[in-house]
Amino acid sequence: GRGKTLQRLSVSYVSAKAQCRFYETLHAKNFFDEEEEGWFRRGRNGFTGSVPKHTDVQIYKISTGFEALLGGLELAGKEERIREIFDAVTAMEEKQ
């Protein structure tokens with residue numbers, strides 16, 4: 001039913017694999033500036049402590065970096081840039 005559909009849709013945005021795909025696709029298009037890439041690298045290279053059972057370590061690190069990039073933008077008050085990233089991600093998902 002509707003609940004199952006919403007669950008599948010939310011997982012397509014919040015799973016480590018999805019976040020990894022979003023970052024890699026946008027990175028390949030040179031979507032991020034130097035500061036954003038720095039936030040990504042610091043998040044990716046930071047000590048995470050643990051990795052979920054069903055996720056590859058590299059995918060998990062990339063998704064953590066993507067989350068750090070978004071967190072950096074949030075802390076810097078760059079809501080418009082977050083919206084641009086969200087719009088790009090949404091457009092990717094609509095193509096699938």
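User: Is R81 buried or exposed, judged by its relative accessibility?

Analyst: First, a caution: this is a predicted model, in which local features need pLDDT of at least 70 and side-chain atom pairs count only at pLDDT 80 or more, while totals for chains, interfaces and linings use all residues. Residues are numbered from 1 along each chain as its sequence is written, and side-chain values use heavy atoms, with hydrogens and water left out. Buried means under 20% relative accessible area, exposed over 50% and partly exposed in between, with a 1.4 Å probe and protein chains only. R81, at 17% relative accessibility, therefore counts as buried, whereas E84, at 35%, counts as partly exposed.

User: Which residue forms a salt bridge with R81?

Analyst: A salt bridge is a side-chain nitrogen of Lys or Arg within 4 Å of a carboxyl oxygen of Asp or Glu. E84 is a partner of R81, with the closest N and O atoms 2.8 Å apart, and both residues lie in helix α5, 3 residues apart, about one turn of the helix. Helices here are DSSP runs (H or I, at least four residues), numbered from the N terminus. E36 joins R81 and E84 in a network of salt bridges.

User: Where in the chain do K78 and E35 lie?

Analyst: K78 and E35 form a salt bridge, their closest N and O atoms being 2.9 Å apart; K78 is in the loop between α4 and α5 and E35 in helix α3, 43 residues apart, so that the pair links distant parts of the chain.

User: Which residues touch the most other members of the largest nonpolar core?

Analyst: In soluble globular proteins, nonpolar side chains tend to be buried together. A nonpolar core is a set of buried Ala, Val, Leu, Ile, Met, Phe, Trp, Tyr and Cys residues joined through side-chain atoms within 4.5 Å. Here the largest one has 16 residues, of which L26, F32, F66, I85 and V89 touch the most other members, and α2 supplies the largest share, 5 residues.

User: At what angle do the axes of α2 and α5 cross?

Analyst: Axes are lines fitted to C-alpha atoms, for helices over the stretch in contact, and angles run from 0 to 180 degrees between N-to-C directions. The axes of α2 and α5 come within 11 Å and cross at roughly 105°, which means that α2 is roughly perpendicular to α5, a label given to angles of 65 to 115 degrees. Contact means heavy atoms within 4.5 Å, and the residues making it include R21 and L26 of α2 and I85 and E93 of α5.

How values were computed:
Helices (H or I, at least four residues) and strands (E, at least two) are DSSP runs, numbered from the N terminus. Angles under 35 degrees count as roughly parallel, over 145 as roughly antiparallel, 65 to 115 as roughly perpendicular and the rest as oblique.
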